Amino acid sequence: MYRFLLTPRWLGYLVLALVAAAVMVQLGNWQLDRYQGRSAINERIDATARMTPVPLGDVLAAPAGSSGTTGAVPDAEDVWTRVTVTGRYDAANSVWIRGRSVDRQVGFELVTPLLLADGSAVLVDRGWVPPTPGGDATARPELPATPGGEVTVVGRVRLSESGAGAVERRDGRLETRRIGVNQLARELPYPLHGAYLLLDEQTPAADPVFQAVPVRHENNWQNLGYVVQWWLFAAMTLVAYGWVARREAHRLAGVRRPSGDRLEEAPDDRVEQPPGDRLEEPTRTGPV
């Protein structure tokens, strides 16, 4: 009944279904890896929020090059670690990061280099500020003076943002769209550490005009949904192949039925009258 499955055409269908299902399973496995990776990041974010800060040097190696260079990028497990470091803000080289949203309002984040005793610096994202009242989203606001003495910073280690583009100078100030450590290092007269800090606490306290940049967790549940989707598609592909094969088998069984096996004829729609109700043919008299 299913010998037709061994024909070249149906073997080709089988191979195609198996390959498609295998690809979908692999796509599901890839999304599963992303789900697990993002889940690990979320767990690290939650864990580091409660940890005691460690010295900056325990996580980020000091840059060994000259101005315009950066230090080593931290390991993935060190990202989001809370660190503490003391230095002096270089307000003249603060960087305005435009187009940043908090509570659906577009404004700026201000990144200021913190100069350290060894002559290097680490970038500190000091927080979010709204644009000038009454102006558009590109109008930089006036900010209070940056602390001029020693500042102790507690912040979380962050990697450079993806898609960091060119750094511009507008009205004598550095401005860009993404925080890219390598790009910003080329504009500064000292070497930078290989990551930047997202400010948690500062001594002396930061001005209230700065709002804390919200820490966003990774959307790992979206990846889990993709896992289920791809695996369901793989199962549906194999089920569809089996359904089509079964349908073809039934069709061929009807075509190849032996000639002696006749289908039953449909019953006659005419209702047979009982013998007593039949009209008898009149008897013919006379000569024939």
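The model is predicted: local features need pLDDT of at least 70, side-chain atom pairs count only at pLDDT 80 or more, and totals for chains, interfaces and linings use all residues. Residues are numbered from 1 along each chain as its sequence is written, and side-chain values use heavy atoms, with hydrogens and water left out. Helices (H or I, at least four residues) and strands (E, at least two) are DSSP runs, numbered from the N terminus.

Helix 3 has 36 residues. From first C-alpha to last it reaches 53 Å, close to the 52 Å expected at 1.5 Å a residue; the expected span is 1.5 Å times one less than the number of residues.

A206 lies in the loop between strand 9 (196-203) and helix 3 (220-255). A206 is partly exposed, with a relative accessible area of 34%. Its C-alpha atom is separated by 8.1 Å from that of R126, 80 residues apart along the chain.

Strand pairing was assigned where DSSP finds at least two bridges between two strands. Strand 1 (residues 54-55) pairs with strand 2 (residues 82-89) in the parallel sense, over two bridges. Here P55 stands opposite T84. Strand 2 also runs antiparallel to strand 6 (residues 150-158), joined by seven bridges. In strand 6, V154 is the bridge partner of T84. Two further bridges pair strand 2 with strand 4 (residues 105-115) in the antiparallel sense. In this pairing, Y89 has L114 as its bridge partner, and R88 stands opposite L115.

Strand 4 is mostly covered, with eight of its eleven residues buried. Strand 4 pairs with strand 3 in the antiparallel sense over seven bridges. R100 stands opposite G107 in strand 4. The hairpin of strand 3 and strand 4 has two residues between the strands, and D103 takes a positive phi near 55°. Strand 4 and strand 5 (residues 121-129) pair in the antiparallel sense, again over seven bridges. T112 stands opposite V124 in strand 5. Five residues lie between the strands in this hairpin, where G119 takes a positive phi near 90°.

Pockets were located on a 1 Å grid over the protein atoms alone. A pocket is an open set of points where a 1.4 Å probe fits, with protein on both sides within 12 Å along at least five of seven lines; lining residues have an atom within 4 Å of a point. Grid points are joined across faces, edges and corners, and a volume is the space filled by probe spheres set on the points.

The largest pocket has a volume of about 430 Å³. Of its 21 lining residues, R100, E109, E161, V213 and R216 are the closest to its centre. Strand 3 (95-102) and strand 9 each supply at least two lining residues. The largest share, four residues, comes from strand 3. By class, the lining has eight nonpolar, four polar and nine charged residues. Ala, Val, Leu, Ile, Met, Phe, Trp, Tyr, Cys and Pro count as nonpolar, Asp, Glu, Lys and Arg as charged, and the others, Gly among them, as polar.

The second largest pocket has a volume of about 260 Å³. Of its 14 lining residues, W96, P141, L143, P144 and R173 are the closest to its centre. Its lining has eight nonpolar, two polar and four charged residues.

Notes:
Buried means under 20% relative accessible area, exposed over 50%, partly exposed in between (1.4 Å probe, protein chains only).
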